[in-house]
Each structure stands twice: as structure tokens, then as C-alpha cells.
Amino acid sequence: RPLFCASVLDHVTLHVAQLAEIKQQTTSSELSAFCCLFVRCCKTKRPLVMQAPIILLKEGTDTSQGKPQIISNINACEVVVDAVSSTLGPRGLDKLIVDGHGEWRSIYHGAVRQQGKTTISNDGATIMKLLDIVHPAAKTLVDISLSQDAEVGDGTTSVVLLAGEILKCCKTFVEDNVHPQILVRGLRKVALLSIARIKEIAVHVKREDVKEMDDLLKKCAATALSSKVIARQKDFFSQMVVDAVRHLDELLPLNMIGIKKVKGGSLEESRLIDGVGFKKTFSYAGFEMQRKKYTQPKIALLNIELELKAEKENAELRIDNVEEYQKVVDAEWAILYDKLEKIVDSGAKVVLSKLPIGDVATQYFADRDVFCAGRVPDDDLRRTIQACGGAIQTSVSSLSDTVLGTCQLFQEEQIGGDRFNIFTGCPEAKTCTIILRGGAEQFIEETERSLHDAIMIVRRTIKNDAIVAGGGAIEMELSKYLRDYSKTVAGKEQLIIAAVAEAMEVIPRQLCDNAGFDSMNILNRLRQKHAEGGKWFGVDIMNEDVADNFDACVWEPAMVKINAITGATEAAALILSVDETIKNPKSGANDPPPALPGRGRGRPM
């Protein structure tokens, strides 16, 4: 322009050819920035000086931010949801996960890497834990699944599905430039509304009526087991789970229920022991001579090593003659026999120790009609204390009836291919043992995980007696409630609440998809039923229809749904709040080591 001609002629030293070369080597945005800077310099008559870039992060650091980063995190979470969505419900499929970290074994002088452990499961928490997810945002779904498993035991797949569907609905708002904090505020309001609605419509059962409460517990346990591999035996195991939890004290400690797995037999051969049972430990010669059954025995619980101790490697003992050596040997034997004599004089007929019981002690007890077992696991020993009484002793000098336990019957019994030491008729029984039978190892392990979920559900139901109907009924009721509430709200929150109301339908929709039903038809009929006031109508998996799941006894603790909604909304809010990811470069573990200090042989004199 003529206005800047003088300034341009005074300060520009670039030729036309050079400007054309700059234009080819730069992008349009860089060129426009350069032109603005050039014009500013022309106005102020200052030399054109490019500002040096400010480097804050280490070289090689990967950074990504803004709206694309939020959408990328949401897409990663959707991939995780797709991996576990097919496991939901009674018709859910199992996942087979092989641990690639095998072990090296030496076979015929050759190193062979064996295949890692194989796990077959449809438990959401187990699958999420075994998946080696490296995406930082997707790991949030793993955390909420494990948190749900630790808190209530069930609903681990539902919480992941809810979080993924909520993020999927929020994705369109992010693409439309809605601020993430508006979305977070809307999600937290939805969580409060949903929890309040669940507490409002939940049904409470009277704790005073023991029979009614037991029926409630069995139906809640059966609902939890209906989506597991032992769904056909859910009546058998639900009764076992309720009886097991009823044996505990008022704190309901989970570690007081021991679960032992024995290969072979059928599932119906599993049994609940009203007391303690554990596998026979390693024993020395002379064990066969001991009795295997006692009535009302006294039980000594020890933390003492009853065998001759080997000398330490750095020990030194100087002896002048054979008599002195014999005195040392006699003293060691005298100490051992003194301990054994005091144990027998205490009247104990069963001796359990955390430490080894040697062959001499085993033979000594066998000759005096005393049963002994060494190397007993710590958790089994503590459960024995809870059932039979007594206390663990670190010395035999004060063995009395006050520190000895007792039970009505002790016997060693053959179960499958293993022998078990079983204590029954315990006076202070606050513990029990479940012995599981089955075929393959993976099947028994999945049965154990299924019983763990059922036990957690029964414990949670005892502590919180509020229940709701399952099978997608409570999710459809919340969807209807949120959709109606959104019409009373102005602004962007109306759209957010309506979107989350639609996301709530993911549970009944996925139940239908996993069962092979027409999900669109089922959901339309459920919307009609809930609009007419049928708040407990859900998916009827057995008949491919809708039904009142409360009358069908498909019950779940209200706390399961409250925790699932809270965890899902908080996880979605956390992921939406992250707009930048910074990945630091790996440390130079594989770099060559630095050179040693000094100048080497060629240094000048």
C-alpha cells in the first residue's frame, strides 16, 4: 500500500525470489503470522527480530490438548466398553484371557517358555483387571470397576457400561463446543437426582422377621448368581451363601469365610462346613500312627518350631573332647523333649503350629495319642481361633485351659484327592468353610469368583435392607424420571439431563442384545409400561418379554445401583475434565552407560 511504501523501502532487504521461497516452505498460518509481525515492524520502524521459542518440557515429551484430546479419551473408553459389554446379564458370554507372561522352564537341557495362566470369566472386575490397559483415561474405567467390586461385589460390568454410554452421549456436546464444566455440572446433578429417586422408590424389608429376611437374602443372592456359570445351581448355592454369612458376627468380616477348592466331583457335592476346614499339611513319618478322629479335644495353637534346629553357617563351636560334644547334643534333645512333654501334659489332643513340626515330634505325639499338624497357613489358624477359641502361643511354659481351644468333633476326612482337617461343633463359631467341587481348574476359579460376588451382595443387603427390581427395571424408571425432569429445566442442562436419561437405557438394551432379542421392540414396550406407572417392569430374559421383575423376585440391593451411578458419573466427569495429556519420555534405561571420568591413556603429561 502507498501508506507504507517508505517504510517498506527503508527496511526490507529481502528479494522477491526469497519471499517466494519462504512462502513455499511455510504453512499459511505461519506465513500470516510472519506478515503481521512484518507489518508491525514497519509501523514501529524496528528491526524484524524473531522471538526464540520457550521450551518448558523435556525433549521427546508428547503433549496433546484441547477438544481433540477429550474426544480421543472418550473414544478410548468406548473401546473398553465394547470389550466387556457382551458379558452382561444371564445370557452374557464369557471371555478367555491368556496371560502372556509365561515362565521359563528347563526341559531336557533346553529353556522352553510355557504358556501363561488361562482365565475364563464373565465377571467385569476380573476382566478389567486382567486387561493390560495402557491408555491413561481408559484406566479410569478399570478403577471404578474394581471399586464397585470391593464395595458391593456386583454391578462391575454395569458401572463400566453406564460410564461409557454417558461419555458417548456427551461426545456430541463436546463436538458442539459445549464447555466441559457445564457437562460436569449437569452430570453431578443427574447423579443426585438418580440417587434420590432410588431411595424414594426402594422397598425396605423388616429385619425383625428372620424368615422374611432370609428369603430376601436368598433372592438377592440368586439374582447375583443368575449371570454366572453356576446359574443352573443358583438355588443350591444361594442357600449356602446365606447360611455362610449368617455364621459371621455383626461386623460380617469377609475373611472369616474360607473357600477351599477341590478338583473332581460335581458342583452339588460342594458343602458348607459349620466351622473350620483346611487341607492336610506336610507331615513326617509317624503321622499314619496318629488318630484321625477326636471327640471334644483340647486344641493347642502354637507359633513354635518343634524340631532340631540346624546350626547357623557362621556359627563356631570349639570342643576339646567327645564328652563336651555329647553334652551339646544332649542339651538340644533335652530342650526339644521338654517342649513336647509340656504340650502333652497340658491335655491337648490336637496340636497346630504355624512353624514346622519335625519327625521326632511327630513320632512322640503319635506314641501319646496326640494329633499334630505343622506349617498351618496363618489365615486358617486365625479362623480356627475364631471358631474354637484359644490363642496362639509362642511359648509352652504357660499352656492352660484358658489358652486352649475346643470343639465338639475333630476329624481328618478324605474329600476328592485331598485330605482335610475339619473342626465342627465349635462353641464360639464365627466362621465357616465352603468346599467347592468341580472339574476344570478354570471352572472352579470362576465358581469361587461367583460366590464372592453373591457373598458381597448378601453382606450388603444385611447392612442396607433397601432393595429394587433388577433386569433393567430401575434403569428404565430412572430414564423416565430424568426425561420428565429435564422438561422443567431451562438452558443447556435440559439437553444434558435428557441425554443421560437416554444413556440409562443401555442396561436393558444390552441385556436384550446379549440374549438375542429385538432390543428396539422390548425397549418401546418398557417405555410404555413405565409411562403407565409400572415402575418395576424390566426385561424378562426367560420368555423374551417384559415383566414385573419385583413380582418375579429379581431383586438387587439398592446400594448396588447407587454405587454404580455414582461411580459412572464421577468417572465420566473426571474424563471430561481432562483437556491435556502430557507423556514424559522414558528414562534412558537402554542408553549406553556414560564414559568413566578421566581422559584415558592419551592425557598429556
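**Close-up views of a predicted model**

View A. In strand E18, Ile434 is the bridge partner of Ile259. This and the following views show a predicted model. Strands E7 and E18 pair in the parallel sense, over seven bridges. They belong to an open sheet of three strands in the order E7-E18-E8, with mixed pairing. E7 and E8 are the edge strands, each pairing on one side only. On average, neighbouring strands of this sheet are turned by 20° against each other, direction ignored. Strands of a sheet pair through backbone hydrogen bonds, in either the parallel or the antiparallel sense.

View B. The buried residues of H10 are Phe237, Ser238, Met240, Val241, Val242, Ala244 and Val245. An α-helix has 3.6 residues a turn, so residues three or four places apart point the same way.

**View C. An aromatic pair between helices H11 and H12.** The structure holds ten aromatic pairs. One of them, formed by Tyr337 and Tyr364, is tilted, with 5.8 Å from centre to centre and 55° between the planes. Tyr337 lies in helix H11 (residues 322-345) and Tyr364 in helix H12, so the pair ties together parts that are 27 residues apart in sequence. Tyr337 is partly exposed, with a relative accessible area of 36%, whereas Tyr364 counts as buried at 12% relative accessibility. Arg368 lies over the face of Tyr364, at 3.6 Å from the ring centre.

**View D. An aromatic cluster.** Phe278, Tyr294, Phe371, Phe410 and Phe423 form one aromatic cluster. A pair of aromatic rings is described by the distance of the centres and the angle of the planes.

**View E. Loop residues with positive phi.** Asp369, a residue other than glycine, has a positive phi near 60°. This residue lies in the loop between helix H12 (359-367) and strand E13 (371-373). Asp369 counts as partly exposed because its relative accessibility is 25%. Cys553 likewise has a positive phi, near 65°. Cys553 is found in the loop between strand E21 (545-548) and strand E22 (555-557). At 27% relative accessibility, Cys553 also counts as partly exposed.

Terms used
Residues are numbered from 1 along each chain as its sequence is written. This is a predicted model: local features need pLDDT of at least 70, side-chain atom pairs count only at pLDDT 80 or more; totals for chains, interfaces and linings use all residues. Side-chain values use heavy atoms; hydrogens and water are left out. Helices (H or I, at least four residues) and strands (E, at least two) are DSSP runs, numbered from the N terminus. Buried means under 20% relative accessible area, exposed over 50%, partly exposed in between (1.4 Å probe, protein chains only). Two strands pair if DSSP finds at least two bridges between them. Axes are lines fitted to C-alpha atoms, for helices over the stretch in contact, and angles run from 0 to 180 degrees between N-to-C directions. Rings of Phe, Tyr and Trp (its six-membered ring) pair if their centres lie within 6.5 Å; planes under 30 degrees apart count as stacked, over 60 as edge-to-face and the rest as tilted. A charge sits over a ring if NZ of Lys or CZ of Arg is within 6 Å of the ring centre and within 35 degrees of the ring normal.
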